[in-house]
Structure formats: structure tokens, C-alpha cells
Amino acid sequence: MAQRIEDYAMIGDTQTAALVGMDGSLDWLCLPRFDSESCFAKLVGDDDHGRWLIAPEAEVTSVSRRYRGHTLVLETEMTTAEGRVRLTDFMPPRHHHPRVVRLVTGIEGEVRMRTELIIRFGYGEDIPWVRRTDRGLHAIAGPNALTFDSPVELSGEHMRTEGSFSVKAGEQVAMALAWHQSHDEEPFVLDVDRALEETVALWEDWCAGVQQVHGEWEELALRSLITLKALTYAPTGGIVAAATTSLPEDIGGVRNWDYRYCWVRDATLTLDALIEAGCRDEAEAWMNWLGRAAAGAPDQLQIMYGPAGERRLTEFEVDPLPGYEGSRPVRIGNAASGQFQLDVYGELMDALDRARSHGIVADGVIWEVQVALMEFVEEHWRDPDDGIWEVRGPRQHFTHSRVMAWVAFDRAVRAVELHGLTGPVERWREARDAVQAEVCEQAWDDEQSAFTQYYGSKDLDASVLMMPLVGFLPPDDPRVVSTIEAIQRDLMVDGFVLRYQNRSGVDGLPGSEGAFLPCTFWLACCLAMMGRVDEAREMMIRLAGLTNDVGLISEEYDTKRQRLVGNFPQAFTHVGLVNTARGLAMAAEMGSAPVPGFRP
């Protein structure tokens, strides 16, 4: 069985990523891209679905780990009665073939180690043909091949190979795994020491350009920015939502989704995190990806795309995989990519507005695309949709969706007024006012003294926290204040925010889910904007306390089990951490006053 989600750390090469547990088992890796089929899938299965273990043979009495400085080089120290070893895991910069390198270094005594390599392509289903070579092993199945370089002699058959070795203090044993297409030449033997130097230099050089604007949370925010960089698909600039699929929102339940794709919804907040931290190259690459992905017929704008902008993300279930702690099904692809979510038009317009304000977006064809998108929004903003939470129940007139339609019109007006672009600004102003008037009338519930989830609903929804954050209403508006108080009263569990209660079954799914961490960050931001900085800081302390020992965090938190749940590490949560840290740093400079113009 896989370890707890928080017991994993991530390594990556900005094209794919692997998860390594505290026990020295590499339990998840998809090659050659984030969204490729896996070759190690124990994370959502068991040992027989693929893993690579390196660990002492004797009982481990203590484990500690860290990333080496400001890098993605993972160091795990394991202590036994025999002595102590350090396991160093990293993925070097990709010159041609993706590789995973694992180094075992003796620190004290002499420790007997073991390694177990179980390769399974195709999400645990495809058993490769394995042959021994003078380098180690070569595994092949269809188009996929892996070359395993190791001085350790391995025994076993195609199902499982294993070996043992010893390390004394000062000794080092290196192993490397490289993927290639089976019809291509085998990768060359890697210079491990040089690869480690290149990897450390890449991350340290990148981090040297990050601006310190996050106050007391600087180190944690920097680790989150490193995580965002690691979740970037370097060839295109797209940022995937997470490195995993089907880690459950409810352990044992069916709320298991594939997050190895790029969400348009994440664009604005991610841009803010990158731009304010000085990561301009990454911000520009993200915006260029967004512009290419969004190009096309306005009615075909999707909420998410593949790392290179792919549109067809067909969802299917891998029946042989039992799921993380029995959480089935394991899903590949994401059917929500075909949903109609009105808010995505507002998210796109907002992101382009933010980028243009920082001089990132070139005009011309992008503005032409925006104008065409606005024509679609003008015609369809009154339509029910599937909403921000990608519900699989009936479409509704969701409040958040309408608010983001207002954002679309508002940012179109700004493009004309502030940036000198040409468009039917009077028509957009009228539509903007009409949307705002409708939301304030139809989404408000006197009994709750709050804006509710959708028109006519009595249920609350944390997505309405975006109202002051996007400028729909000011943070001191009495309706905003009472809505926030209602959310604190009815949607908070042990200091964290639920997305909604689902009393009406609006999402069309059984079971429940954990507290949604991005929404908790949104609440902290709202409190900071309202001048309630002490409350916001207390919330930030609680949220920061959920990051694991190497600074990673998932999408949700199970307050009953006191465990992280959902896909991991989650880009949107790390974005929330970075932006909230920056907002609180601004608030600290100003005292308890509201933060003007702050956008989380």
C-alpha cells in the first residue's frame, strides 16, 4: 500500500515528475510527460503496479529529509542499528532522454541496502520484457523502453528484479533510470556527478532571480514557487495542476480526478504569483501557452488543456488499479474538459488584463481573439453552466459563474479605457452593469444574509469569496461582510473552509470531501483586505502548518483523519500560499489597514 500523501516528496525535470516516499520507494512516475502513461503506479495500486525501492535491509529507526538548499534535489537520511545513509534523488536537466538518478551515500557505519525494481508500463498493466546488459537492465514493452544503469547485480524475472549491496561511510553507489522510445537508440551512460552539479546549478540559478516579497513566509513561498516551476511543462510553458491522478478527495470514495493538465482558471492567480516574485520568463511562457490554447472558435474554449494545448482529454477508468487506499476508480483523462463553464471566459480576460498591465501580452491577434470571446459571452452569459467546481449534476445559474462574466466585461472595458484598444465599450459597460444588477438581486438570500451558490439556492459556496478579490464588490460592502461571516459560520471545519455542503446533491456525486485549501487562502485574503489582518495571519499559520516536511501541500485536508487528500502537490494551493503570503507582507507594512488593490 502507498504511504500517506504527505509522506511523499516530488522530484522533476520540468517535463514530468516523480513521487518518492519516506521509505525510499519511488511510487509514481509518468514518462516522458506529466500526462503520459506511468511506469511506476504503486501510488494508486500496489507493489505489482510498479515501483523502485532503495532502502536499508535492517529496520529503519529514524528518517529525515530535505531538499538540498533551494533546489529540487531530495536528500533522505535513514538510520539503522548498523549506521546511517543518505539517499539523494533527482531528475537532471533533460538534454534528450528523461532520467531519474538515485545516489546512496554512506554517512556512518556500514549499512546493508536493498533495491527492488518493478517496471510496469501502461498504468500498471503492461509487463515489459527485461534483459540483462553490461550496464544493468533493459526493459521494453511496445513503444516504451527503460535502461537501468547500476553497479548492483540484480536477480529475478520480468515481474520483479532485486539486489543487495553495502555502503560504508564515505562510499557512494549510483543508479540511474532513463526512458526512451523502443525504436530509438539507448541512452548514453550518464556522468552522475556532472548531472548532479547541473541540476543543483539549474535550481540555484533560477531561485537567485526570485524576488523576496513574501515577508515572514519567504522560505515557504520560495519552496512553493520552486514547486510551480517543477510543474511547468518547459517546452510550452503550460503549468499542470498536479503531478498525479486520482488521489482521492475522500479516502475510499469516488471523487478521484486526473489533474495532470493545465486549467485556464488558474491563469490569473498563477500570473500574479510569478510576476510579483520576478519570475517574468515563466509568466510570459504561461501567457503564451494560454494564448495558443484559447485560440479557435469562441464556443469551443475549454476549461483545461493538455500540457501542449491538447483538447481531447478523453476520460476512462483503469479497472485493474485498486486506487489509493481503495479509492476507486482510477481515472485517466478528464471529462470536465468538455463542460460549459462560463467563468473560464472571465478568468481568461482577467489573466490577459493582468499580463497586459505588466507589459507581457502583445496585442493584435490576441485582442482579436478576446473580442470574439466577448461576443460569445454577450450571447451566453445568461445561460446555466456547470460551474467552477465542475459538478456532474444539472446545470445551474451559479453565482460565481455570473461574477466571472462580470469580470469578462469589466476587463474588456479596461482594455479599451486603460490600454487604448478598440471595441464596443459602451455595449460592454451596459452588459457589465446588467450582470452585476442581476447577481445582486438573484443570488442574494435575505434569510442567509449572504450570496448563495446559485440563483434560488439556500446553500453557501466558498467560490463567492472571489467577489471582493476580483473587484465585483468592495470588501467593506455590507453584503460582502455578511457573506463572509456566513461562510465562516457554516462552511468552516476546524479552521478550514469547505467548498460547499452539497446538501442539495448539486455535484451529482456520492460522499463528501475534505476542506478545500485554496478557498481557505481566499478567505484569508478577504480578511486581510477588510483590515482583519490578525485573523488572516492566524489562518495563514494554520495553512502553513499543513505543508509537509519538505514544504509541499495538496488540494484538500481531511480534518477528521488529519491528513492531506487530493492530488499532490497541487499547483493552485501553492499559488494561494504564495499570493496570500505576499498579501500579508503588504498588510504588515501597512498595519491593520485594508490592503488597497491587493489581488490574491
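This report describes a predicted model of a protein chain, moving from its confidence scores to selected helices and residues.

## Confidence of the model

The protein chain has an average pLDDT of 94, and 98% of the residues score at least 70. Residues 593-598 form a stretch over which pLDDT stays under 50, and for this stretch the model has 20 contacts beyond four places in sequence.

## Helix 5 and its partner

Helix 5 covers residues 343-357 and so contains 15 residues, reaching 21 Å from its first C-alpha to its last, which is close to the 21 Å expected at 1.5 Å a residue. Of these 15 residues, 14 are buried, so helix 5 is largely enclosed by the rest of the structure. After the helix comes G359, which has a positive phi, near 75 degrees.

Helix 5 packs with helix 6, which spans residues 365-380, at an angle of about 150 degrees and with the two axes 11 Å apart. Because angles over 145 degrees count as roughly antiparallel, helix 5 and helix 6 are described as roughly antiparallel to each other, and their crossing is left-handed. On the side of helix 5 the contact is made by Y345, L348, M349, L352 and R356, while helix 6 contributes I366, W367, Q370, L373, M374, F376 and V377.

## Helix 11

Helix 11, made up of residues 517-529, has 13 residues and reaches 19 Å between its first C-alpha and its last, close to the 18 Å expected at 1.5 Å a residue. This helix is mostly covered, with 13 of its 13 residues buried. It is followed by G531, whose phi is positive, near 90 degrees.

## A buried residue, T580

T580 lies in helix 13, which runs over residues 571-590. Its relative accessible area is 3%, and T580 is therefore buried, since a residue counts as buried under 20%. When its neighbours within four places in sequence are left aside, T580 is in contact with F521, A524, C525 and M540.

## An exposed residue, D319

D319 is located in the loop between strand 20, at residues 316-317, and strand 21, at residues 331-332. With a relative accessible area of 52%, D319 is exposed, because the term applies over 50%. Along the chain D319 and V435 are 116 residues apart, and in the model their C-alpha atoms are separated by 45 Å.

Methods. Residues are numbered from 1 along each chain as its sequence is written. This is a predicted model: local features need pLDDT of at least 70, side-chain atom pairs count only at pLDDT 80 or more; totals for chains, interfaces and linings use all residues. Side-chain values use heavy atoms; hydrogens and water are left out. pLDDT is the predictor's confidence in each residue, from 0 to 100. Contact means heavy atoms within 4.5 Å. Helices (H or I, at least four residues) and strands (E, at least two) are DSSP runs, numbered from the N terminus. The expected span of a helix is 1.5 Å times one less than its number of residues. Buried means under 20% relative accessible area, exposed over 50%, partly exposed in between (1.4 Å probe, protein chains only). Axes are lines fitted to C-alpha atoms, for helices over the stretch in contact, and angles run from 0 to 180 degrees between N-to-C directions. Angles under 35 degrees count as roughly parallel, over 145 as roughly antiparallel, 65 to 115 as roughly perpendicular and the rest as oblique. A crossing is left-handed if the near helix is turned anticlockwise from the far one by less than a right angle, and right-handed if clockwise.
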